[in-house]
Amino acid sequence: SNQAIGVLVMSYGTPESMDGIEEYYTHIRRGNAPTPELLAELSGRYEAVVGGVFPLRENTNRQVAGLQAELDRMHPGRYVCYQGLKHARPYIEDGVAGMAEDGIRRAIGIVLAPHYSTMSVGSYVKRAKERADELGIEMTFVESYHLHPKLIEALVDRVKAALEPFNADEPVKVLFSAHSLPVKIREMNDPYEQQLMETSAAVAEGAGVKDWQFTWQSAGRTREPWLGPDILETLKEVSSEGYKQVLAAPVGFVSDHLEVLYDLDIEAQAAARSMDMKLARIQMLNTDPLYMATLADSVLARDAWNS
Ligand code: FEC
């Protein structure tokens, strides 16, 4: 058998092309195909951003390669990374099967999302663990890394850089944001909200930002209630308070993808413009060396077989 430790790097996933949007959306909706209206609406969002290119795929590939390089630097030969996506190929189960085919017997899973929720990271972990159990792979997981000092440092750097172009004589409201989830997570004692508040407070402190608040974004199109307020509402509120300058800091995400490039850069941007506010956004982490080091450190800390 293979003595190396497998590292299953899990990410949300994105279609491979415009033709793949329906299959992807059906997977997100747990097997229920979207109506033609919903499908057209989602396709329209992808077209508005990428015109046929899906940046999340390339970014995830680069992040997996970046983590492999960092692990090789720290422990040559010990770790082999595999990719597993939540809603697209290669699926999480495909990644685990790939490890089994290579004879891997022990593995660590990590998600390219810093905050734990039963509905986000928890569901990635459940699927990976089920397949690993079936295939006889012993597996442990990194559950969150939302206060890792290198993650905070990377985000602080980005907030500082994005604040520079603003008019220093006028106030700037910093809005930290993350993907909304159904309100029912509160009944499950879910750590998601608290972890997001902790990341936001740590980044604000590191960047010397006093005027900030947390807001949600990208709530799903379902009938159940989602956590709010949404960033579109928050922008209105901030405008009514007289702010003319806003910085969006989507700390719940680590990559350029639809929820940032459409929901913030197109939708929220248009809303801000209509209220005569200047809205800027921090750069996403993508393969920032500090983020790659955060992931590598977190993997090493979960390596129970490292004596
Ligand atoms: O760029 C891309 O192609 C993918 C962008 C993308 C990311 C992302 C991250 C998260 N989601 C989370 C939760 C939910 C829940 C639902 C849901 C629905 C969608 C839909 C699209 C979509 N999500 Fe997503 N999400 C991305 C894209 N997401 C498209 C379907 C259309 C829509 O509602 O807008 C509701 C599904 C349900 O009914 O259960 C819940 C969470 C994250 C951040 C953590 C992570 O990355 O896992 C949480 C990126």
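Where is Asn 189 found? Asn 189 sits in the loop between β5 and α7 (192-207), where helices (H or I, at least four residues) and strands (E, at least two) are DSSP runs numbered from the N terminus.

1. This is a predicted model, in which local features need pLDDT of at least 70 and side-chain atom pairs count only at pLDDT 80 or more, while totals for chains, interfaces and linings use all residues. Residues are numbered from 1 along each chain as its sequence is written, and side-chain values use heavy atoms, with hydrogens and water left out.

2. The phi of Asn 189 is near 60°, a positive value in a residue other than glycine, and at 71% relative accessibility Asn 189 counts as exposed (over 50% relative accessible area; buried is under 20% and partly exposed in between, with a 1.4 Å probe and protein chains only). Asn 286, in the loop between β8 and α11 (289-301), also has a positive phi, near 45°, but this residue is buried, with a relative accessible area of 16%.

3. Four strands make an open sheet with parallel pairing, in the order β6-β5-β7-β8, where two strands pair if DSSP finds at least two bridges between them. The edge strands, each pairing on one side only, are β6 (212-217) and β8 (278-281). Strand β5 (residues 173-179) is joined to β7 (residues 245-249) by four bridges, and Val 174 has Leu 247 as its bridge partner in β7.

4. Two peptide bonds deserve a look: the one from Arg 89 to Pro 90 is cis, with omega near -5°, and the one from Gly 228 to Pro 229 is cis, with omega near 5°. Pro 90 belongs to the loop between β2 (79-85) and α4 (92-101), whereas Pro 229 is in the loop between β6 and α8.
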